[in-house]
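Open the model in your viewer and keep the selection tool at hand. We will go stop by stop.

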Amino acid sequence: MNFLIVTHVLHAQKEAEYFAYAPYVKEMNLWLKYVDKVTVVAPLLADKEIRPIDIAYKHKEIDFRSIPAFDLLSLKSSLKTLLVLPLIFFKILGAMRKADHIHLRCPGNIGLIGCMAQIFFPSKTKTAKYAGNWDPKSKQPLSYRLQKRMLSNTFLTKNMNVLVYGNWKQQTKNIKPFFTATYRDHDKGEVIKRTFDDVIQFSFVGSLSPGKRPLLTIQIVEKLRKLNYNVRLDIFGDGEKRTELEAYIIQNQLEKCIRLHGNVTAEEVKEVHKTAHFMLLPSKSEGWPKVVAEAMFWGSLPIVTKISCVPYMLAEGNRGILIDPTVSTAVAEIEKVLSSPKNYQEKVTKAMEWSRIYTLDKFETEIKSLL
């Protein structure tokens, strides 16, 4: 089987290997275990350095077809996009013509072009992974809305399973609730029971970008400290907001209780989840936030905004803490749990039991059925 991946994810090459964002590649490597040949159509940046959060595809036969990355954020980039769009479209068409199974990664600009191109191949088996927020009521960019409409149209997406996060009402028959995973069944070891007798540890794992609201995370912990809670926050990740966050921490004399660690390996993140009491992620938007499921797996209770399928993951707050994106309301919800260690332990147990259903073993079984 020639398995085609069409994605917007940026790639780097080192010798004969292709690297990209680890969570995406780890998932794709599970698909690639069951195919003979892989064709990847994606941007390949010559000067993209391989970061600690990048890993390589694992397959002996990879045909990588580089296309330009593009956006519509400025007049200059929009004009450039008009020039490269025909090249991208026909490269994708050519790859689809030779593929046995077409796999689209959405949402994204390349995913949108892929959605259009796959229409010309109604008889080929196809899957589309919509790794964003599938909530029909959410406000999203036009390109995202177009992809959701096309993927939901069974006339335009013949022979395709569309994998989405969460279980939403009134969906077309090709929309399949799905999940993603990090750990194996054999990883289900004992966890450390946390108490509130000493320092209460919070973690933030994600990009330091406006969409993840890392500053709000800091302000929530800062407020808890002002209320005399013995709290500490460790922030893992990097991004455009790092300089601003560093300045805020220094200005408000928070160096002793809040620390920025930058990008770290998945193994280091796992160790964080094993000891932290809470994992804070007040995002503006998410698909299936793996870091939430990972924290739950190791007994770190997630504190997350009410977005996408997160309320489903947290059972409307029975397996975690759902917050509104303000300091005062978030702190009020957190205090309810801090005031009751018994309630905290009950939520942690429910979170662990649920997250440990969705392992890589179950994920692979689902992938086999799709292929």
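Bear in mind that the model is predicted.

**The sheet.** Select the open sheet of six strands, ordered β13-β12-β11-β14-β15-β16 with parallel pairing. Neighbouring strands here are turned by 20° against each other on average, direction ignored.

Zoom in on β14 and β15. They pair in the parallel sense over four bridges. Pick Met-279: it stands opposite Pro-302 in β15.

**Helix α11.** Move to residues 341-355. This helix has 15 residues and reaches 21 Å from its first C-alpha to its last, close to the 21 Å expected. Which residues of α11 are buried? Select Tyr-344, Lys-347, Val-348, Ala-351, Met-352, Trp-354 and Ser-355. Look down the axis of α11: these buried residues fall within an arc of 165°, so they line one face of the helix. On the other side, Lys-342 and Glu-353 are exposed. Show the partners next: the buried residues of α11 pack against β14 (278-281), α8 (290-297), β15 (301-305), α9 (310-313) and α10 (327-338).

**Thr-39.** Finish in strand β4, residues 37-43, where Thr-39 is found. Is Thr-39 buried or exposed? Its relative accessibility is 2%, so Thr-39 counts as buried. Leaving out residues up to four places away in sequence, Thr-39 touches Asn-2, Phe-3, Leu-4, Ile-5, Asp-63, Arg-65 and Ala-95.

Notes:
Residues are numbered from 1 along each chain as its sequence is written. This is a predicted model: local features need pLDDT of at least 70, side-chain atom pairs count only at pLDDT 80 or more; totals for chains, interfaces and linings use all residues. Side-chain values use heavy atoms; hydrogens and water are left out. Helices (H or I, at least four residues) and strands (E, at least two) are DSSP runs, numbered from the N terminus. The expected span of a helix is 1.5 Å times one less than its number of residues. Buried means under 20% relative accessible area, exposed over 50%, partly exposed in between (1.4 Å probe, protein chains only). The arc is that of the directions from the helix axis to the C-beta atoms. Contact means heavy atoms within 4.5 Å. Two strands pair if DSSP finds at least two bridges between them. Axes are lines fitted to C-alpha atoms, for helices over the stretch in contact, and angles run from 0 to 180 degrees between N-to-C directions.
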